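Let's take a friendly walk through this protein model. Have the structure open beside you as you read.

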Amino acid sequence: MSLTHLMFSFQGRTRRLHYWLFSLAMMVVTLAVLAVLAPGQFSEAAPSSPPLVVTLISLLVLYPALAVTVKRTNDINWSPLWAYGLTVFSAAFAICDALGLIMSLGPVAYVLGGGGLVAVILAIVIGCIRSADGENAHGRSPLAVAA
């Protein structure tokens, strides 16, 4: 599987290994970009960078993350709506944070925080479930292709 297919296509299936390697790579790249563009995010002594930089980076990785997560849900025979829900929630949280709305939303902030916890747990579950055996509507099992 090519990297462009993994990151930009919603077709097919992907293994747990590729899902976790992609997640790790996105975290490393995001932290490296933040270290260069927004060093204030890592130190209390340094002046804080505008949250817009952080939000833009978060929004840039949403599309590839959505593509990989959709392929992962295809692989475990789950509806891709789970991946879309995770992405919409992540985008809403990033935008609210950039606009400084999280702390001023009152009870909605608790919903966003609780939803964030559920999203993290769901992303871990999606990454831990074994591939569905054999062929499904999205193609052959990536485990069979790799063997």
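## Starting on a helix

Find helix H2, which covers residues 16-37; Leu21 is found in it. Keep in mind that this model is predicted.

## The whole chain

Zooming out, the protein chain has 6 helices and 0 strands, giving the pattern α-α-α-α-α-α along the sequence. Its C-alpha trace spans about 55 × 35 × 20 Å along the principal axes.

Of the 147 residues, 31% are buried. The accessible surface is about 8,700 Å², and carbon and sulfur atoms account for 73% of that. Now take the contacts with a separation of 6 or more: 67% of them link residues 24 or more positions apart.

## Inside the protein

In soluble globular proteins, nonpolar side chains tend to be buried together. Which residues form the largest nonpolar core here? There are 11 of them: Leu6, Met7, Tyr19, Phe22, Met26, Val68, Ile76, Leu86, Ala119, Leu122 and Ile126. Helices H1 (3-8), H2 and H5 (107-128) each supply at least two residues of this core.

Setting aside neighbours within four places in sequence, Met7 is in contact with Phe22, Met26, Tyr63, Pro64 and Ala67.

Terms used. Residues are numbered from 1 along each chain as its sequence is written. This is a predicted model: local features need pLDDT of at least 70, side-chain atom pairs count only at pLDDT 80 or more; totals for chains, interfaces and linings use all residues. Side-chain values use heavy atoms; hydrogens and water are left out. Helices (H or I, at least four residues) and strands (E, at least two) are DSSP runs, numbered from the N terminus. A nonpolar core is a set of buried Ala, Val, Leu, Ile, Met, Phe, Trp, Tyr and Cys residues joined through side-chain atoms within 4.5 Å. Buried means under 20% relative accessible area, exposed over 50%, partly exposed in between (1.4 Å probe, protein chains only). Contact means heavy atoms within 4.5 Å. Accessible areas come from the Shrake-Rupley method with a 1.4 Å probe; for residues, only the protein chains shown count as cover.
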